[in-house]
2 protein chains.
Amino acid sequence: MDLCIRAIETLLTMDDTSGAGRLGVRRGVAVAVRDGRVAWIGPDAEAPAADNEIDASGCLVLPGLVDCHTHAVWAGSRAGEFEQRLAGADYTAILEAGGGILSTVRATRSASDQRLRTLAVERLRAMAARGTTTVEVKSGYGLDPETEVRILRVAREAAAEVGLTVRTTFLGAHAVPAEWRPDRAGYVAHVLADQLPLAAAHADFVDVYVDRGAFTVEEGETILRAGAAAGLDLRIHAEQVAHTGAAAMAARLGALSCDHLEQLDAEGIEAMARHGTIAVLLPGAMLYLKDPPPPVAALREAGVPLAVATDLNPGSSPVGDLWTCATLACVTMGLTVEEALLGVTAVAADALALPQHGRLREGGPADLVVVRPPPGEQAHAAALVQFLGGAQPVATIARGVQIA
Amino acid sequence: MDLCIRAIETLLTMDDTSGAGRLGVRRGVAVAVRDGRVAWIGPDAEAPAADNEIDASGCLVLPGLVDCHTHAVWAGSRAGEFEQRLAGADYTAILEAGGGILSTVRATRSASDQRLRTLAVERLRAMAARGTTTVEVKSGYGLDPETEVRILRVAREAAAEVGLTVRTTFLGAHAVPAEWRPDRAGYVAHVLADQLPLAAAHADFVDVYVDRGAFTVEEGETILRAGAAAGLDLRIHAEQVAHTGAAAMAARLGALSCDHLEQLDAEGIEAMARHGTIAVLLPGAMLYLKDPPPPVAALREAGVPLAVATDLNPGSSPVGDLWTCATLACVTMGLTVEEALLGVTAVAADALALPQHGRLREGGPADLVVVRPPPGEQAHAAALVQFLGGAQPVATIARGVQIA
């Protein structure tokens with residue numbers, strides 16, 4: 001074996017086929033890795049010999065976390081805008097002064113490939129240090145053909161450099177850029193004709209931001225259908241600011257996930273349940289934007305799977321730590337501990353169409369994180385979520401290699 | 001010099017006497033340390049020779065953070081209770097099954113001195129790693145004379161072991177323990193007669209939890225007056241669950257701080273302003289308990305100084321990271337960046353009657369933290385607060401010694 005994680009106090013496989021509950025709790029075990037895959041899971045006393053060993057005494061081991069909604073490639077800073085808004089500045093005035101998302105678009109367009117990549121690598125490294133091994137990254141800060149493609153390319157390159165599995169999403173319909181402001185219909189046509197054909201080669205998914213003040217359900221449907229025709233799987237930013245019916249539309253089109261969902265109604269829930277659409281909950285954005293919680297109880301009752309992601313971005317969700325988001329999902333949205341932990345592992349992987357990720361089983365990818373619980377706590381799943389930012393990752397393994 | 005922090009991109013002295021604003025912003029400077037004190041602050045090019053140097057290129061340097069409200073000494077776990085509540089268990093049923101604060105009291109009473117100290121050291125080390133150099137620790141998980149004294153003693157020993165400045169607070173009136181449950185008046189008499197005389201030798205402050213379901217304003221006043229007579233300065237948990245008038249009472253008695261304050265009214269604000277009482281805001285508890293925000297705008301207008309603390313405890317605020325609390329204070333309570341940063345440094349130090357702490361000036365204690373901003377951000381105060389948990393402390397110096 002290449003590597004063996006020994007003396008694991010608590011293993012959470014997130015593999016509900018193991019007969020050990022949805023979290024797949026096993027105690028006193030070891031995990032052996034060969035050629036980047038989990039080769040063996042069993043009692044620690046029977047652990048096979050390996051070239052390298054990690055002692056996980058007192059720790060939990062989980063699948064590497066899966067962050068299924070991020071905007072991790074951007075340049076520029078919104079810290080000044082954050083400060084001004086807290087000091088009472090009017091957001092419309094900030095927008096008119098060139099702030100908000102379009103300032104990130106300007107900075108991203110003017111950043112070199114090298115600069116964008118350096119920034120992305122630093123952000124992904126910080127995420128890996130907290131236990132993330134798979135990440136989704138969206139474009140949407142370019143809003144022109146060249147920059148949209150650059151973002152997608154940089155996302156793949158940066159993830160490869162850090163050692164993460166990455167899935168990229170084309171989000172040309174994230175906002176209407178300044179040069180198209182007077183002509184949103186023209187911009188949608190530009191996305192379809194000039195961005196999508198180039199971006200499709202660098203993306204796994206297509207996404208669109210449908211909401212009050214963003215794109216309409218009709219525009220969203222047109223773009224998603226075109227993305228599907230170009231071979232991309234679908235996802236959507238839906239029902240965040242206002243109820244629009246976007247989630248039901250995307251579910252009917254077979255989207256993998258609908259994300260945000262604070263304003264989701266019963267019809268949307270029913271459509272998501274019927275079509276097997278995953279709900280991606282984004283507690284960072286809910287916190288920073290003071291949104292109401294999404295209808296978690298109704299989603300649960302309808303059987304809609306719940307994923308949790310950081311939505312890492314410099315405006316509405318400056319949060320890169322998926323553990324913190326798991327805790328916020330419990331405290332502010334009402335997820336159970338089990339739902340939150342599945343939401344950042346197995347369900348998040350399903351949302352990225354990566355059914356082997358986010359769970360640990362023999363033959364699957366050797367992506368895992370060794371975590372120490374907070375001081376005085378047992379190696380118990382709840383202890384990882386109870387303390388905000390309190391989980392202490394001590395090793396992150398991606399494809400069998402320790403990357404943090 | 002013993003130590004020189006060189007090439008500091010941005011120094012925040014938090015010293016408003018320097019003429020550089022309330023944050024005391026200086027750029028391109030160095031800080032030299034001798035005998036545990038700040039010996040020199042000036043342009044980097046003129047930095048004196050020193051035995052050790054730290055390169056702070058690209059970083060900010062601030063005073064070591066001051067956490068002015070914690071319950072950091074406890075044993076036992078409430079993770080199971082956290083999980084049960086999220087799964088829908090009734091809190092009253094959890095209390096009747098022996099859960100809640102009284103489970104922490106039982107576990108703390110039965111823990112050995114060595115165990116309590118080990119746990120406290122681990123928690124304080126984690127706080128030091130995040131930049132905290134001064135901490136307040138309350139008793140209140142003993143609720144009997146012996147254990148209350150043990151907690152206060154352990155707090156001082158653990159802080160000394162980690163290298164932190166500590167102030168301890170006797171909080172015998174934190175809850176009514178099980179054995180006194182039928183006789184709250186008897187318990188108050190016991191606190192006064194049997195706990196306070198012993199605890200006073202190990203404490204700097206006396207505190208009481210006045211609220212619906214806890215102690216009355218009259219009981220609180222009796223205990224605070226007795227504490228003052230025993231030589232302790234006063235602080236109070238006030239106006240968290242219900243408006244009681246506790247803050248106004250404590251302000252009139254000359255309390256250093258009133259803490260929580262979600263239900264504070266205009267009379268309480270006026271009393272605090274008149275008596276110079278500091279408001280200690282606890283955004284962790286607000287988040288976990290889903291409390292409304294305290295009246296920050298009215299406190300600000302009245303000129304009440306605002307401090308921010310973690311309230312670290314295993315029940316209502318399992319949060320040990322003061323940076324996270326500074327961000328939450330901005331996002332959920334509406335503090336400005338300047339208020340949040342002063343609230344975890346200079347104002348927090350004032351709340352502990354430590355006027356030399358929480359700011360950097362020649363002759364003051366050499367407690368400081370070197371912090372890297374998040375990826376891509378400038379060394380700007382706002383960047384430390386914008387990203388939840390995003391500040392990256394790279395060195396914590398306490399009394400001139402690097403402790404993390």
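This is a predicted model: local features need pLDDT of at least 70, side-chain atom pairs count only at pLDDT 80 or more; totals for chains, interfaces and linings use all residues.
Residues are numbered from 1 along each chain as its sequence is written, chains are lettered from A and ligands numbered from 1 in the order in which they are written, and side-chain values use heavy atoms, with hydrogens and water left out.

**Stop 1: the two domains of chain A**

Begin by colouring residues 3–64 + 359–402 of chain A as domain 1 and residues 66–351 as domain 2; these bounds come from an automatic or database domain assignment. The centres of the two domains, taken over C-alpha atoms, are separated by 29 Å. Where they touch, 25 residues of domain 1 of chain A are in contact with 25 residues of domain 2 of chain A, contact meaning heavy atoms within 4.5 Å.

Together the two domains bury about 2,000 Å² between them, 65% of it on carbon and sulfur atoms; buried area is the accessible area (1.4 Å probe) that two parts lose on being put together, summed over both. Now select A:Arg22, A:Arg359 and A:Val385, the residues of domain 1 that lose the most area to domain 2, together 28% of what that side buries.

Helices (H or I, at least four residues) and strands (E, at least two) are DSSP runs, numbered from the N terminus.

**Stop 2: A:Trp40**

Next, select A:Trp40, which is found in strand β3 (residues 37–43) of chain A. Leaving aside its neighbours within four places in sequence, A:Trp40 is in contact with several residues, including A:Met1, A:Val31, A:Pro48 and A:Glu362.

**Stop 3: chain B against chain A**

Now show both chains, and look at the contact, which takes 40 residues from chain B and 40 residues from chain A. The two chains bury about 3,400 Å² between them, 66% of it on carbon and sulfur atoms, and B:Val331, B:Gln386 and B:Leu388 supply 20% of the area that chain B buries against chain A, more than any other three residues.

How many salt bridges does the rule find across the interface of chain B and chain A? The rule finds zero salt bridges there. On the side of chain B that touches chain A, the elements that give two or more residues are α1 (79–86), α4 (113–129), α10 (283–289), α12 (322–333) and α15 (381–386) of chain B, and the largest share, six residues, comes from α12(B).

**Stop 4: the axis between the copies**

Finally, consider how the copies are related: a rotation of 180° with 0.0 Å of shift along its axis superposes chain B on chain A (RMSD 0.0 Å), by least squares on the C-alpha atoms of residues with pLDDT of at least 70 in both. That is the relation of a two-fold axis. To find this axis from chain B, select B:Gly389, whose C-alpha is the nearest in that chain, 3.8 Å from the axis. The same surface serves both copies, since 100% of the contact residues of chain B recur in chain A.

How values were computed: A salt bridge is a side-chain nitrogen of Lys or Arg within 4 Å of a carboxyl oxygen of Asp or Glu.
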